[in-house]
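Hello,

I am passing this structure on to you, together with some notes on what turned up in it. Have a look at it first, and then read on.

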Amino acid sequence: MTATQWYCSVVGLFLLIRSLTTLLGDPAFSLPGSGWRAALQAVVGITLLAGLRTRPIPVVTAVGVLYAIETALGIVGGDAILGVIPVDMRDRIVHPTLAITAALAVFATLRRTKRRGPVDA
């Protein structure tokens, strides 16, 4: 498995589990609301798991960019991203971590591809 495939598997499951635990609780769909964050996490998790079966490099790149933007918006917006998705202390750690590890996974996969020839990544 390539680094991007690992990222799709691990992060996809992490986000899906994190979203489901929130959605099974009592999520708030007010603005900002934890339900919106959980819905976004579910979509991203499903997208990553689907990307595992196709070409994960573009999917992981998109997710990395998304979380880099969320990191920046969380810093600028304070307690909410665009007034919709609440930002808590966990998010201030998780968002940049997901962005950085996505970039590292893409870099590692591209490096492997360059050394060994094309891979289905």
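Here is a question to start with: does R18 count as buried or exposed? R18 counts as buried, because its relative accessibility is 12% and buried means under 20% relative accessible area, with exposed being over 50% and partly exposed in between (1.4 Å probe, protein chains only).

Before the rest, a word on the source: this is a predicted model, in which local features need pLDDT of at least 70 and side-chain atom pairs count only at pLDDT 80 or more, while totals for chains, interfaces and linings use all residues. Residues are numbered from 1 along each chain as its sequence is written, and side-chain values use heavy atoms, with hydrogens and water left out.

**Salt bridges**

A salt bridge here is a side-chain nitrogen of Lys or Arg within 4 Å of a carboxyl oxygen of Asp or Glu. By this rule there are 4 salt bridges. In one of them R18 pairs with D91, and their closest N and O atoms are 3.2 Å apart. That pair links distant parts of the chain, since R18 sits in helix α1 and D91 in helix α4, 73 residues apart. Helices (H or I, at least four residues) and strands (E, at least two) are DSSP runs, numbered from the N terminus. D91 is buried as well, with a relative accessible area of 1%.

D91 also meets R37 in a salt bridge, at 2.3 Å from N to O. As D91 lies in helix α4 and R37 in helix α2, this pair ties together parts that are 54 residues apart in sequence. Salt bridges that share partners join R18, R37, D88, R90 and D91 into one network.

R37 has a further salt bridge, with D88, at 3.5 Å from N to O. Here too distant parts of the chain are linked: D88 is in the loop between β2 (85-86) and α4, R37 is in helix α2, and they are 51 residues apart. R37 is buried at 13% relative accessible area, whereas D88 is partly exposed at 25%.

**How the helices pack**

Helix α1 and helix α3 (residues 56-77) pack at an angle of about 50°, with their axes 9 Å apart. Axes are lines fitted to C-alpha atoms, for helices over the stretch in contact, and angles run from 0 to 180 degrees between N-to-C directions. α1 and α3 are therefore oblique to each other; angles under 35 degrees count as roughly parallel, over 145 as roughly antiparallel, 65 to 115 as roughly perpendicular and the rest as oblique. For α2 and α3, the axes come within 8 Å and cross at roughly 155°, so these two are roughly antiparallel.

**On the surface**

A nonpolar patch is formed by L20, L23, L24, F29, L31 and W36, with about 620 Å² of accessible area together. Patches are made of residues with over 30% relative accessible area and no salt bridge, with like charges joined within 9 Å and nonpolar side chains (Val, Leu, Ile, Met, Phe, Trp, Tyr) within 5 Å. The areas come from the Shrake-Rupley method with a 1.4 Å probe, and for residues only the protein chains shown count as cover. Helix α1 (residues 3-24) gives the largest share of the patch, 3 residues. F29 lies in the loop between α1 and α2 (34-53) and is partly exposed at 42% relative accessible area.

Best wishes
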